[in-house]
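This report looks at a predicted model. Please view the sequence and the structure together while reading the sections below.

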Amino acid sequence: MTAADGPSSMPHRQDPCRTSDVLGIVGDKWSLLVVRNLSQGPRRFTELKRVTTGISQRMLTVTLRGLERDGILTRTVVNVMPPHVSYALTPMGMTLREATAPLLEWSLGNLDGIHAARAAYDSRAEAAPPAPS
């Protein structure tokens, strides 16, 4: 392959490094929460903002655009005044929800333990003498 051929001329193969694109979705702070919040059906932007605690309007917009680009959700606009925009999971988005549900459940089940471990670590780090220069 020459530089002029470009990556599209290469045959498709299962390169493990390519999974980093998908893992970026799973590792993103907000994407899985948005997917979880859409698992019960379509929601409008304001509903998603309300149930996704802590997300800013701008970050929700960026997250929704990324998930739409990746084929995880669809954006539907109904031309009424004011416009009605809703978001829904695609079939691929539903499989992402199914695949990540155990991770989200694990997170909820271990949140208190993680906070306790962080507090203990931070206490030890504050009490430790400074490292020699």
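## Hairpin and strand pairing

Five residues form the hairpin that connects strand 2 to strand 3. Strand 2, which covers residues 73-78, is paired with strand 3 in the antiparallel sense, and six bridges are found between them; within this pairing, Leu-73 has Leu-89 of strand 3 as its bridge partner.

Strand 3 is also joined to strand 1, made up of residues 43-44, by two bridges, and these two strands likewise run antiparallel. Here the bridge partner of Arg-43 is Tyr-87 in strand 3.

## Burial of strand 3

Strand 3 spans residues 84-89, and five of its six residues are buried, that is, under 20% relative accessible area, so the strand is largely enclosed by the rest of the structure.

## The largest pocket

The largest pocket in the predicted model has a volume of about 370 Å³. Its lining consists of 13 residues, and those closest to the centre of the pocket are Lys-29, Leu-33, Leu-103, Leu-104 and Ser-107. Sorted by class, the lining holds eight nonpolar residues, together with two polar and three charged ones.

Three helices each supply at least two residues of this lining, namely helix 1 (19-27), helix 2 (31-38) and helix 5 (91-127). Of the lining residues, five come from helix 5, which is the largest share.

Key. Residues are numbered from 1 along each chain as its sequence is written. This is a predicted model: local features need pLDDT of at least 70, side-chain atom pairs count only at pLDDT 80 or more; totals for chains, interfaces and linings use all residues. Side-chain values use heavy atoms; hydrogens and water are left out. On a 1 Å grid over the protein atoms alone, a cavity is a set of points where a 1.4 Å probe fits but cannot get out, and a pocket is an open set with protein on both sides within 12 Å along at least five of seven lines; lining residues have an atom within 4 Å of a point. Grid points are joined across faces, edges and corners, and a volume is the space filled by probe spheres set on the points. Helices (H or I, at least four residues) and strands (E, at least two) are DSSP runs, numbered from the N terminus. Ala, Val, Leu, Ile, Met, Phe, Trp, Tyr, Cys and Pro count as nonpolar, Asp, Glu, Lys and Arg as charged, and the others, Gly among them, as polar. Buried means under 20% relative accessible area, exposed over 50%, partly exposed in between (1.4 Å probe, protein chains only). Two strands pair if DSSP finds at least two bridges between them.
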